[in-house]
Every structure is written in structure tokens, then in C-alpha cells.
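Please look over the sequence and the structure shown here before reading the notes on side-chain contacts and backbone geometry.

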Amino acid sequence: MRTQNPRNMQRVVLAIALIYLSCIHFHRQIYDYGSYTLDITGPLMVITQKVTSLAFNIHDGLMRREEELTPMQRHQAVQKMPTTLEFFSYIFHFQALMAGPVIFYRDYIDFIHGHHLPGAKSLAGFYDKNSQEKEIVLEPSPTLVVIKKVVASLACAIIFITFIPVFPIQRVKEDEFLENTSMLYKIWYLMLTTMLARFKYYHAWLFADAICNNSGLGFNGYDERGNARWDLTSNVDVYKFETSLNLRESIDSWNKGTNLWLRSIMYERVGRNKVIYTYALSALWHGFYPGYYLTFASAAFFTVAARSVRRHIRPLFLESQRKKTFYDVLTFITTRIVMAYLTFSFVLLELVPSIKVYLYLYLLPHLLALIAILLPPRLGLSRKTHKQSAAKIETDLSEAVSNGNAHKIM
């Protein structure tokens, strides 16, 4: 960062960091293929996010005008090169070193200097230098939220170690499972085993969140009721992910720090094919197991399909509450099936067994997604129809509010 021109320094840092991480990933796959043993790759993936995000934030702060930046880029922009102590403190701070979540440099420095607290102006004693009297700024207690996250983390760990031996993902590779079970049972088993696999991540991320919060990191101001929010560094919303009604809600609730990182350094900076480039970077960051690339390639495909459905089909179900409820139930079930279909290869890691599962399921989800991309635009549901549907909803809402019957359509 110090030796390169800030105009293109962020690209050099991204390339070097990804090459180094890729070498470590490749080395691990040679000596410990398919293992989930904890080693340097986990912390190094988090460090890669920190180093690259800092490089892009410095580039934004030094080389771009404020009006050129998105709101998130404007908030995270860094306008001076960190000192050696600031840099290594940020990279290696203990709270998020092992399992994340990734914390952007600006948020970390605000935490170190106490600027994340409302009313705080300086580091020493949290008092205003311009005031004659010292102003004590009390930090809200994280005790309750820490206890909740630790308990939830331990519960997830217990569920994982209890049930994952009963429903192992490796069973989907067996010929007996593929040949002697129905399609519905295969889908149900994939849903169950991928859900159990997620509890391992829930355990690690919730515990990491608790560590951050217990140190004071993660405070995000107060809500409208005056309650302290501790979700600045949260990496997962378990309830929202498991009850999401569409693919976008699921992605937004899972590994939220990585989602912000991908959005910050890739999605908001490329012109065309944003989804493809973003998923490609995510796959490369994870490593070189074939299952990762099957998952992220399919995820990009299903993301396009979900957008098509939301754009062309969803307005048809917004005419009444009954239709909307039916649509929500249908999308809830569909999302559960699609997430299992997407992520089993991520857990399984292997190419040939994953392809065999696809074939035994007749690639049905992929075919339905292809239909969702190609067919709805040809059904005649134009943008004008969208505007008419939106206008009708807004009119109904206005009339209901004026008549005191808003609860009937909410």
C-alpha cells in the first residue's frame, strides 16, 4: 500500500492477496483434501478481506470525489494512510481474527477512539475538549446480548454434534441412496443435512459476535425505542435466514460481513455482469474445491431467475392479501428447496458426486430456473403493468388509511 500509487494500489493489493490466499488453499488441498480441520486458511480468508477492503477504502478516500462514492463507500473511505501500529492492530485484533466477521477499517478505528459512542469526541476519558467540564459518555452494557449469543451458539454446537452423525452429507454419494430413494426423499434429505451443516457456522459466527460485543465492538447506536443495537459486526441472522421468503433475503442474512466485502470491492465497482463477477470472486476466495464453483455458478443463475420472477410474476399476486399470502408460502417453500439444492455441493465439495445428485434430480430446479428467466418476459407483463400494479397498491393503501382500515391490507 505504501509503495504503490493510490490510483491503482487497490488492484495490486487485491491481486497479491488473492494469489497468496490461493497458494495456501491449494497447498491445503494437497496435504489435507476434503478436511474441515482448522488451520491458517480460515484466519487468512478474514485477513484477506481486511487488507483488500482497506486498500479500496484508501483509494476512495484519497483519489475519488465524494459525490462519486456510494453511501457505503463514503462511510468507509479512509483519507490518510494508517500507521504501522494502526495497520497491524486492525489486521490482527483478537475479536475477529479466527472466524470473523470482517470489520471495516473505519468502524474499527472509530471503536478504538471511542467515536462509535454517541457524544464521544476524543480518546482520553471521552470528553469534549471544547467544553469546560468533562462529559462522561457511558457505553451501554452488552451483557444481555452476549449471554443470548453465547447460549444460542452453544445450542447450535449441541445440535450439530448430535445430529450430523445421524444425517451425514456423505450419504448422498452412495448408490443405495441415489437409486433406492424417491425424488421427494432426496430433496428432504438435502434440506435436512444442509441445514444441520449450517449449525456449525451458526455456532462459530454467533460466538465470534459475542466476543466482539463483549469487548464493546459492534455497538450500532440505538433503535427507535431507545434500545442499544449490537449488530454492526453481526455475521448472520439465523432466524431471518431460516424463514426468508426469497433468495435475496437468504443471501443478505448469511455471512453478512463477506456480503458487504463483496459488495464494497466488486459489485459496486464493475459495470456489467455484476452478479457473475461477484460470485466468481466469492468462489475464488473460498478455494478450489469443485463444489464451491458448482454452488456459486448455480447461485448466480438462480439469482437471475429470482429477479425475473420478482419483476414479472410477483406483481400478479399483490392484488389481494390472500394472493400475497399464497405467494409468500410458495416462495418460502421454494427458497428452502433451492437453498438445499444450491449448497449441498458446497458441503460435499466433490465434483462427480454432486453432478450425480443433479442428474438423479433430473436437473429440475435448474430447468425451472431457466424457464423463469426465459418465459415471464414473453408473457406480456411489461413495465407499464408493473407501474399499474404499484399504483393500485398505493391507491388502496391511501384509501385504507383515510378510512381507518389500514390493518386490512397490511
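## Basis of the report

This is a predicted model, in which local features need pLDDT of at least 70 and side-chain atom pairs count only at pLDDT 80 or more, while totals for chains, interfaces and linings use all residues. Residues are numbered from 1 along each chain as its sequence is written, and side-chain values use heavy atoms, with hydrogens and water left out.

Ser-234 is located in the loop that runs between helix H8 (183-214) and helix H9 (238-242); helices here are DSSP runs of H or I with at least four residues, and strands are runs of E with at least two, numbered from the N terminus. With a relative accessibility of 12%, Ser-234 counts as buried, where buried means under 20% relative accessible area, exposed means over 50%, and partly exposed lies in between (1.4 Å probe, protein chains only).

The side chains of Ser-234 and Asp-209 are joined by a polar contact of 3.4 Å. Such a contact is a pair of N or O atoms within 3.5 Å; within protein, one must be able to donate a hydrogen and the other to accept it, and residues adjacent in sequence count only if both atoms are side-chain atoms. The side chain of Ser-234 also reaches the backbone oxygen of Val-236, at 3.3 Å. When residues up to four places away in sequence are not counted, Ser-234 touches Asp-209 and Lys-256, contact meaning heavy atoms within 4.5 Å.

## Salt bridges

The structure holds 13 salt bridges, each defined as a side-chain nitrogen of Lys or Arg within 4 Å of a carboxyl oxygen of Asp or Glu. One of them pairs Asp-328 with Lys-324, with the closest N and O atoms 3.1 Å apart. These two residues are 4 residues apart in helix H14 (residues 321-348) and are therefore separated by about one helical turn; Lys-324 is partly exposed, its relative accessible area being 27%.

Asp-252 and Arg-248 likewise form a salt bridge, and their closest N and O atoms are 3.8 Å apart. Both lie in helix H10 (residues 247-253), 4 residues apart, or about one turn of the helix. Asp-252 counts as partly exposed at 41% relative accessibility, whereas Arg-248 counts as exposed at 62%. A further salt bridge connects Glu-86 with Lys-80, where the closest N and O atoms are 3.4 Å apart, and Lys-80 is partly exposed at 48% relative accessibility. Asp-60, Arg-64 and Arg-269 are linked in a network of salt bridges.

## Cysteines

A disulfide is a covalent bond between the sulfur atoms of two cysteines. Taking a pair of cysteine sulfur atoms within 2.5 Å as the criterion, the count comes to 0 disulfides. Cys-23 counts as partly exposed at 47% relative accessibility, while Cys-156 counts as buried at 7%.

## Aromatic rings and charges over rings

Rings of Phe, Tyr and Trp (its six-membered ring) pair if their centres lie within 6.5 Å, and planes under 30 degrees apart count as stacked, over 60 as edge-to-face and the rest as tilted. By this rule the count comes to 30 aromatic pairs. In the pair of Tyr-202 and Trp-254, the ring centres are 5.9 Å apart and the planes stand at 65°, so the pair is edge-to-face. Because Tyr-202 lies in helix H8 and Trp-254 in the loop between H10 and helix H11 (256-267), this pair ties together parts that are 52 residues apart in sequence. Tyr-202 is buried, with a relative accessible area of 0%, and Trp-254 is partly exposed, with 22%.

Elsewhere, ring pairs link Tyr-33, Tyr-279, Tyr-289, Tyr-292, Phe-296 and Phe-346 into a cluster. The charged end of Lys-50 sits over the ring of Tyr-90, 5.7 Å from its centre; for this, NZ of Lys or CZ of Arg must be within 6 Å of the ring centre and within 35 degrees of the ring normal. The charged end of Lys-274 sits over the ring of Tyr-267, at 5.4 Å from the ring centre.

## Backbone geometry

Most residues other than glycine have a negative phi, and most peptide bonds are trans. Gly-100 and Pro-101 are joined by a cis peptide bond, with omega about 5°, and Pro-101 lies in the loop between helix H4 (84-92) and helix H5 (105-113).

Asn-273, although it is not a glycine, has a positive phi of about 55°; Asn-273 is found in the loop between H11 and helix H12 (274-286) and is partly exposed at 47% relative accessibility. Leu-363, also not a glycine, has a positive phi of about 55°. Leu-363 belongs to the loop between helix H15 (351-360) and helix H16 (364-374), and its relative accessible area of 31% makes Leu-363 partly exposed.
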